[in-house]
Amino acid sequence: GSEMCIRDSFYREKNVKDALVRFEASLKIRQILANDFPDSQLVSGVLAHGFLRVGAIQCSQGDFSKGLANLEEGLKIYRRLLSQDPDSIEFASSAANVLLTIAEALVAKEDFYKARERFEEALQLQVQLAAKDPKSISASRYVAYISKKIGDIDLHNKDLTGAQKKFSQALTIYKSLRIKDPNSYLIKNEYIELLREQADLSYKLNDLVGSLSYHEEVLSLRQRELKQDPSNAEVQNLIGLQFNVMGGIQTELNNLPLAKSNLEEALAIQQRLMRSPAPSSFVNWNFGFSYYNLGMLMLKRGELEAAQAHLDKSLAIWQPIADESPTNANLQGSFADAIEGQGDVFLAKGDVENAKKKFEESFEIYQRFNLQSAILRSLDRLAKVPSSKVTWTQVLVQAEKMKAQGTLELRDAANLEDWRLKSSAEKKK
């Protein structure tokens with residue numbers, strides 16, 4: 001009991017190194033007990049839990065070799081106990097917990113194939129547990145959570161259909177859980193995260209209307225959250241982000257009045273947050289994002305001077321952030337998007353040479369970070385500039401390469417035939 005208090009207090013204080021020493025000492029004691037009482041399910045369960053705790057900490061510290069070995073030892077014990085007592089909810093739940101821990105460690109290790117196998121095993125056990133106790137919120141939540149994790153791996157592997165199936169299953173369960181336990185902070189946050197990922201997936205599937213509907217639900221949940229805590233700057237920023245993303249999609253859908261309203265709302269929120277003593281870099285980035293989206297909206301409306309002014313502001317805001325994070329592909333990609341947007345404005349004005357310079361500048365950034373979809377988009381723009389050396393054949397080669405890799409987005413795939421025709425005509429010429 002004293003040992004347990006010591007090691008748990010160290011872990012709670014986040015002194016992981018000392019906590020691990022105590023966990024390992026405790027594990028040795030448990031192993032001795034297990035040798036003395038080999039037939040005791042209680043002692044075996046305690047030993048398995050010890051392997052779980054030690055393995056989980058080791059994996060969290062990046063020691064996957066030792067960590068996964070200990071987790072597998074714990075899993076072996078729980079499987080033996082479950083074979084002795086197949087109806088035990090405790091053993092099934094514990095085995096599923098270890099499998100989930102192993103799977104998440106494998107994801108961190110980027111071994112996605114094995115991770116997916118372990119997630120599937122954990123899901124099978126949790127489905128059985130949920131069937132035994134249909135009223136159990138915990139078991140159902142784990143089914144939804146693990147389904148979403150499998151969907152994440154499918155998404156990583158470019159299996160959009162598989163990801164859609166798993167996300168859909170998880171959404172159905174989370175919606176039911178939200179009704180059963182509307183006050184659960186954990187369920188609400190996991191549901192919001194899933195809605196956002198589903199919105200992004202729908203966008204990749206070229207379902208802009210569907211993507212927008214999921215973003216609208218996220219916004220509704222965030223607004224309810226803000227009513228409970230009106231001074232919460234983090235939630236305000238997330239609401240601003242939702243207005244921003246929705247406005248961007250509405251611009252693509254040519255719903256320009258509603259896009260303008262949402263983007264102006266986003267900008268107003270970010271301007272208020274920027275007046276705080278020390279706005280976070282996330283707030284600052286969203287501030288620039290508002291100006292970028294407004295710039296692209298103004299471009300679509302044909303208001304070229306306003307578009308230029310907004311894009312200039314977004315770049316002025318993003319420049320220091322990009323300088324501070326030279327290796328952050330997402331930030332650098334956003335910065336390049338604004339430069340590319342400036343090129344679009346110059347092209348719309350008929351200033352071909354300045355458009356070319358901007359397209360080449362953004363293209364260099366996209367190449368540096370291997371942002372494949374952005375590279376394709378940039379090549380397409382450059383091929384339209386007469387003085388550029390980029391050919392339609394180069395655009396087609398990039399698109400075909402992405403198609404072979406499974407990374408070609410549906411909206412780009414729709415242009416494949418057009419690029420083939422242009423490349424063929426170019427070669428004949």
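This is a predicted model: local features need pLDDT of at least 70, side-chain atom pairs count only at pLDDT 80 or more; totals for chains, interfaces and linings use all residues.
Trainee: What is the secondary structure of the protein?

Mentor: There are 20 helices and 0 strands. The C-alpha atoms fill a box of roughly 85 × 55 × 40 Å along the principal axes. The accessible surface of the protein is about 21600 Å², and 53% of that belongs to carbon and sulfur atoms. Among contacts with a separation of 6 or more, 55% come from residues 24 or more positions apart.

Trainee: How many aromatic pairs does the structure hold?

Mentor: It holds 5 aromatic pairs. One of them is Y174 with Y191, a tilted pair with 6.4 Å from centre to centre and 40° between the planes. Y174 lies in helix α8 (residues 160-180) and Y191 in helix α9 (residues 185-204), so this pair ties together parts that are 17 residues apart in sequence. Y174 is buried, and so is Y191.

Trainee: And why is the pair of F287 and Y291 edge-to-face?

Mentor: Look at the angle between the rings. Planes over 60 degrees apart count as edge-to-face. The planes of F287 and Y291 stand at 65°, with the ring centres 5.3 Å apart, so the pair is edge-to-face. Both residues lie in helix α13 (residues 281-301), 4 residues apart, which is about one turn of the helix.

Trainee: Which residues form an aromatic cluster?

Mentor: W285, F289, Y292 and W318 form one. Rings can also have a charge over them, and R141 gives two cases. Its charged end sits over the ring of Y142, 4.8 Å from the centre. The charged end of R141 also sits over the ring of Y145, 5.3 Å from that ring's centre.

Trainee: How should I read salt bridges?

Mentor: Side chains of opposite charge can pair when their charged atoms come close. The structure holds 25 salt bridges. In one of them, the side chains of E340 and R381 meet at 3.7 Å, N to O. This pair links distant parts of the chain, with E340 in helix α15 and R381 in helix α17, 41 residues apart.

Trainee: Why does E340 count as buried?

Mentor: Its relative accessibility is 4%, so E340 counts as buried. R381 is buried too, because its relative accessibility is 18%. Both residues belong to a network of salt bridges that links D337, E340, D344, R377 and R381. While you are at E340, look for E360: the two C-alpha atoms are separated by 8.6 Å, although the residues are 20 apart along the chain. E360 is in helix α16 (residues 352-368), and at 36% relative accessibility it counts as partly exposed.

Trainee: Which residue forms a salt bridge with K422?

Mentor: That is D418, with the closest N and O atoms 3.3 Å apart. K422 and D418 are 4 residues apart in helix α20 (residues 416-428), so about one helical turn separates them. K422 is partly exposed at 27%, and D418 is partly exposed at 36%. Another salt bridge joins R301 and E303, whose closest N and O atoms are 2.8 Å apart.

Trainee: What does Q270 touch?

Mentor: Leaving out residues up to four places away in sequence, Q270 touches N237, G240, L241, V283, N286, F287 and S290. Q270 lies in helix α12 (residues 256-274) and is buried, with 0% relative accessibility.

Trainee: Which residues form a nonpolar patch on the surface?

Mentor: I29, L33 and F37 do, with about 280 Å² of accessible area together. L33 is in helix α2 (residues 16-36) and is partly exposed, with a relative accessible area of 37%.

Trainee: Where is N254 found?

Mentor: N254 is in the loop between α11 (233-252) and α12. Its phi is positive, about 65°, although N254 is not a glycine. N370 has a positive phi too, about 55°, and is not a glycine either. Look for N370 in the loop between α16 and α17 (372-383).

Methods:
Residues are numbered from 1 along each chain as its sequence is written. Side-chain values use heavy atoms; hydrogens and water are left out. Helices (H or I, at least four residues) and strands (E, at least two) are DSSP runs, numbered from the N terminus. Buried means under 20% relative accessible area, exposed over 50%, partly exposed in between (1.4 Å probe, protein chains only). Contact means heavy atoms within 4.5 Å. Patches are made of residues with over 30% relative accessible area and no salt bridge: like charges are joined within 9 Å, nonpolar side chains (Val, Leu, Ile, Met, Phe, Trp, Tyr) within 5 Å. Accessible areas come from the Shrake-Rupley method with a 1.4 Å probe; for residues, only the protein chains shown count as cover. A salt bridge is a side-chain nitrogen of Lys or Arg within 4 Å of a carboxyl oxygen of Asp or Glu. Rings of Phe, Tyr and Trp (its six-membered ring) pair if their centres lie within 6.5 Å; planes under 30 degrees apart count as stacked, over 60 as edge-to-face and the rest as tilted. A charge sits over a ring if NZ of Lys or CZ of Arg is within 6 Å of the ring centre and within 35 degrees of the ring normal.
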